[in-house]
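Hi,

Here is the structure I said I'd pass on to you. Have a look at it first, and then read my notes below.

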Amino acid sequence: MTAAQTLGSLPTPSLVLDEGRMLRNVSRLRRHLDGLGVPLRPHLKTVKSVEAARRVLAGGHGPATVSTLKEAEVFAAAGVRDILYAVGIAPQKLPRVLALREAGCDLSVVLDSPEQAWAVVEASRRAGDAIPALIEIDSDGHRSGLLPDDPAVIEIGRILQGQGAALRGVVTHAGESYGAVGAEALAAFAERERSAAVAAAAALRAAGLPCPVVSVGSTPTAHFARDLSGVTEVRAGAFVFFDLVMAGIGVCTPDDIALSVLATVIGHQRERGWIMVDAGWMALSRDRGTANQAVDQGYGLVCDVEGRILDDLVVASANQEHGIVALRPGSRAALPDLPLGTRLRILPNHACATGAQFAGYEVLPANPAAPLAHWPRFNGW
């Protein structure tokens, strides 16, 4: 059965997931990390779906990374037992952390200040449960964390380990790698990430403190790391689906992108070279992550219903429920004849942001003989 026949009954816009591409993406990263001798701790913030997570996690029980406690709660209820909550912890969230731990989930938290460390210690003492915490290390000035040689790293380690919580290790995220392009630049970022985390771990150990976990990762650096000596785990999330931002920096190709938005042609402005579709920014998201890349993909790259890319056709502009499809500036391609009612699939700039617009995935199964499936997804914090 063709994609057109399979997808023909769906309302538009719908979020389409190609399971075969997704599974290939997951296998690709696992093979690379297996070759470097380091396990993967997948980040589930991109999928936000129990069904998808079961295909991403080894054995379905973890380890896993999340960016919201809602994610931790949903995945823990589904049987994931080893979760890292990789956003700096706020004191008000610690009761939810403790509830998850009491229910049998080994949930760890991330922090980068003595104030956070004391909050974790006090909550641990009250509950009689030593909450494990990882110290966030700044490897590239991206967002948060401490430099590896900052004295606060040792101070925080001593607060956690000596006062009632547990020092589990260090964690870093080379978020600035999303701005690097090409294998050599991405490999350099991966080494920068690794060396920062390993240096912080060495400082803690030299101070007589434990550092069992040295956690690094982003989708770009995970794929281009060449040496992970001293690292105990790698985290990545966008690799499951990929997107146009990842394609733009050379981590994947557009043909690897497993996620697309199904849309319908609803009108034409022929004198302007516009084709109107029923997927605006409410479906595609407002993310314009390719705008500063070498190739600006607008609000998304346009494919036919079978997933074949239509040359130089992008969603050039978007209103709430309208997408304006046009040739990219400077293109010499011919505007295709797409009659009213034509189904199209639009590849997203940012898989996480586009996924967040929908309540579920319409799944093209890896087995072509299997029927279309629906996997619920969730949002919230």
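Let's start with a salt bridge: the side chains of R54 and E51 meet in one, with N and O 2.9 Å apart. The term stands for a side-chain nitrogen of Lys or Arg within 4 Å of a carboxyl oxygen of Asp or Glu. R54 and E51 are three residues apart in helix α3, so about one helical turn separates them.

Before going on, two notes on the source. This is a predicted model, so local features need pLDDT of at least 70 and side-chain atom pairs count only at pLDDT 80 or more, while totals for chains, interfaces and linings use all residues. Residues are numbered from 1 along each chain as its sequence is written, and side-chain values use heavy atoms, with hydrogens and water left out. Helices (H or I, at least four residues) and strands (E, at least two) are DSSP runs, numbered from the N terminus.

**More on salt bridges**

Buried or exposed, by the way, goes by relative accessible area: under 20% is buried, over 50% is exposed, and partly exposed is in between (1.4 Å probe, protein chains only). R54, at 46%, is partly exposed, and so is E51 at 26%.

R55 is partly exposed at 30%, whereas E19 is buried at 11%. Put together, E19, E51, R54 and R55 are linked in a network of salt bridges.

How many salt bridges does a search of the whole structure find? It finds 16. Another one joins R308 and D304 (2.8 Å, N to O); here R308 is exposed at 52% and D304 is buried at 16%.

**Rings**

The search also turned up two aromatic pairs. Rings of Phe, Tyr and Trp (its six-membered ring) pair if their centres lie within 6.5 Å; planes under 30 degrees apart are stacked, over 60 edge-to-face, and the rest tilted. F241 and Y361 make an edge-to-face pair, 5.5 Å centre to centre with 65° between the planes. F241 sits in the loop between β9 (233–236) and α10 (244–248) and Y361 in strand β16 (residues 360–364), so the pair ties together parts that are 120 residues apart in sequence. F241 is buried, at 0%, and Y361 is buried at 0% too.

**The core**

F241 comes up again here: along with I135, L160 and V170, it has the most contacts inside the largest nonpolar core, which has 114 residues. Such a core is a set of buried Ala, Val, Leu, Ile, Met, Phe, Trp, Tyr and Cys residues joined through side-chain atoms within 4.5 Å. Helix α8 (residues 183–206) gives the largest share, eight residues. Apart from this core lies another, of seven residues, including A3 and L364.

**Helix α5**

Last stop: in α5 (residues 94–102), L94, V97, L98, L100 and R101 are buried. Why are they on the same side of α5? They cover an arc of only 160° around the axis (taken from the directions from the helix axis to the C-beta atoms). The face turned away from the buried side carries the exposed residues P95 and E102. Just after α5, G104 takes a positive phi of about 110°.
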